[in-house]
Amino acid sequence: MPRNIGIMDTTQLMTGKDGKCFVEVDGENYFLAEVDSFAVNMSVTNVDVQPVGNIVSGAVPTGVTFNITLSEMVIRDDLIMEPLLKAIAAGKIPTFTFQTATVRPTDGQEQRMVLRSCVPDGEFNLMNLVPGEVIKRNQSYRINRVPEWLKTLAAPKIA
C-alpha cells in the first residue's frame, strides 16, 4: 500500500536567525547575542568485533560524548572568558551550563535544550585579530551530562 507522503510546508522551516544561545551565571541565564554560530554534537564510540568465519565486522556501542562549539564576536569578557581565566589562575577548571533554543517564526513553537556540566575542551581563541574583520573567539566545551530537552517541537502539518 503506497504511503501518503504529502508536501512539506517550507514556511515551517527555521534558519540560523531563529536560534539563540544562553550561558548560566550565578543561576541566571544570559542571552549570548554576540554568538554568530554554534553547534551541539553527539559522537557515539564503537568497538569493532569480527566473529571467526564472518567477513562482516560489527559495531558494539561503548559510549557517547557530547560537545558544544561556538563562535563569539568579541563584545564582552565578563560572562565566560574572565571567569574562565580567573579559575584557571586559581588552579581550577570551571564548569558552565548552556541553553540553546530555536523558535519557529510561523507559530512561535520553541525547541530548547539545556547542556549541563560543560567543561572547556580543546583550543580556545583568546585573541584572534585579522585586519578588516570582526574579532571573534572560537570555543569548545565537552558536555559531561546527556543534554536535556526542556521543550521540543511538534511536527507541523503536512498537506
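Let's start inside: the largest cavity is lined by Leu32, Glu34, Glu72, Arg76, Asp77, Asp78, Leu79, Ile80, Met81 and Arg137. Keep in mind that this is a predicted model. The volume of that largest cavity comes to about 40 Å³, and the structure holds one cavity of 30 Å³ or more.

Side chains of opposite charge can pair when their charged atoms come close. Across the whole structure, a search finds twelve salt bridges. Here are three of them, with the distance from N to O.

| Salt bridge | N to O distance |
|---|---|
| Arg76 and Glu34 | 2.9 Å |
| Arg116 and Glu148 | 2.8 Å |
| Arg142 and Asp121 | 4.0 Å |

Take Arg76 and Glu34, whose side chains meet in a salt bridge. This pair links distant parts of the chain: Arg76 sits in the loop between β4 (58–73) and α1, while Glu34 sits in the loop between β2 (28–31) and β3 (35–49), 42 residues apart. Is Glu34 buried or exposed? Glu34 counts as buried, because its relative accessibility is 5% and the cut-off for buried is under 20%. Arg76, at 27% relative accessibility, counts as partly exposed.

Next come Arg116 and Glu148, another pair joined by a salt bridge. Arg116 belongs to strand β6 (residues 110–120) and Glu148 to strand β8 (residues 148–151), so the pair ties together parts that are 32 residues apart in sequence. Arg116 is partly exposed, with a relative accessible area of 27%, and Glu148 counts as partly exposed at 27% relative accessibility.

Then there's the salt bridge between Arg142 and Asp121. Here, too, distant parts of the chain are linked: Arg142 is in strand β7 (residues 136–143) and Asp121 is in the loop between β6 and β7, 21 residues apart. Arg142 is partly exposed, with a relative accessible area of 33%, and Asp121 counts as partly exposed at 28%. Salt bridges that share partners also join Glu72, Asp77 and Arg137 into one network, and these three residues are among those lining the largest cavity.

Val74, Leu85, Ile88, Ile93, Leu126, Met127, Leu129 and Ile135 make a nonpolar surface patch of about 760 Å². One of them, Ile88, has its place in helix α1 (residues 81–89). Ile88 is partly exposed, with a relative accessible area of 42%.

How values were computed:
Residues numbered from 1 in each chain as written. Predicted model: local features only at pLDDT ≥ 70, side-chain atom pairs only at ≥ 80, totals over all residues. Heavy atoms only, no water. Patch = residues over 30% accessible without salt bridge, like charges linked within 9 Å, V, L, I, M, F, W, Y side chains within 5 Å. Areas by Shrake-Rupley, 256 points an atom, 1.4 Å probe, with all protein chains shown as cover. Helix = DSSP H or I, 4+ residues; strand = E, 2+ residues; numbered from the N terminus. Buried < 20%, exposed > 50% of the residue type's maximum accessible area, 1.4 Å probe, protein only. 1 Å grid on protein atoms, 1.4 Å probe; cavity = no way out; pocket = protein on both sides within 12 Å on 5 of 7 lines; lining within 4 Å. Points joined across faces, edges and corners; volume = space filled by probe spheres on them.
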